[in-house]
Amino acid sequence: QGEEFCTGFLVSDSLIVTNFHCVASNVEAVGLRADFGYDTDNSHYKTFKGKKLELINSDEAFDYALVRVSGSPGNTFGHVTVPPLTSVVLLDVPHKLLIIEHSAGGAKQVSIKDCEVSAGKIAGVSAQMLTDFGHHCDTLGGSSGSPVFDLGTSELVGLHHLGFDNAKADS
């Protein structure tokens, strides 16, 4: 019924992490197209097709999905190291962040200016669960599924999954 854009990132040679609200079923996973090397508008990128939905979180509060893609794009493009869950720490306010995104399906963009934690442990999709942290990073539609990194250590600290309009929030 059309095309939707999200961002995702490799965590192995053929596994992509993105959001559950981006890929919520095996049908959607098989219809997925992942473009790698799309760094600028003139890039010659390589496309890999979704093979299957490996895992979704059964609790929508965490909003993630793990999708296997054809081939092994990680051999060429690399992948992000996911820290063990036992190493998760709360991020202080303000804590400098970096988000790599493909908003609106466009070429790679990086949010770094004024990109920092704005609130510690807060409710995300589920108002009953404190699963998220807030940030002031610039993102647009299509940035869902972007990796969030600690600017100082380059370690993965989050998965971007929702935003709000500052203009509307201030009114």
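Tutor: What follows is a set of questions and answers on a sheet, the disulfides and a pocket.

Tutor: This is a predicted model, in which local features need pLDDT of at least 70 and side-chain atom pairs count only at pLDDT 80 or more, while totals for chains, interfaces and linings use all residues. Residues are numbered from 1 along each chain as its sequence is written, and side-chain values use heavy atoms, with hydrogens and water left out.

Student: What is the order of the strands in the open sheet of four strands?

Tutor: Strands are DSSP runs (E, at least two residues; helices are H or I, at least four), numbered from the N terminus, and two strands pair if DSSP finds at least two bridges between them. S6 (residues 97-101) pairs with S7 in the antiparallel sense over three bridges, three bridges also join S6 to S10, and S10 pairs with S11 over three bridges. The order is therefore S7-S6-S10-S11.

Student: Which strands are the edge strands of this sheet?

Tutor: An edge strand here pairs on one side only.

Student: Which residue of S11 stands opposite Val148?

Tutor: Val148 is the bridge partner in S10 of Ile99. Towards S11, the residue opposite Val148 is Gly158.

Student: Which residue in the hairpin of S10 and S11 takes a positive phi?

Tutor: The hairpin has five residues between its strands. The phi in question is near 65 degrees, and the residue that takes it is Ser154.

Student: How many disulfides does a search of the whole structure find?

Tutor: A disulfide is counted as a pair of cysteine sulfur atoms within 2.5 Å. Cys6 and Cys22 form one, with their sulfur atoms 2.0 Å apart, and Cys115 is joined to Cys137 with an S to S distance of 1.9 Å. The search of the whole structure finds two.

Student: Is Cys6 buried, partly exposed or exposed, and what is its relative accessibility?

Tutor: Buried means under 20% relative accessible area, exposed over 50%, and partly exposed in between, with a 1.4 Å probe and protein chains only. Cys22, at 16%, is buried. Cys6 counts as partly exposed because its relative accessibility is 33%.

Student: Which strand gives the most residues to the lining of the second largest pocket?

Tutor: A pocket is an open set of points on a 1 Å grid over the protein atoms alone, where a 1.4 Å probe fits and protein lies on both sides within 12 Å along at least five of seven lines, and lining residues have an atom within 4 Å of a point. The second largest pocket is lined by 42 residues, with Cys6, Thr7, Gly8, Arg33 and Ala34 lying nearest its centre. S1, S2, S3 (33-36) and S10 each give two or more residues to this lining. With four residues, the strand that gives the most is S3.
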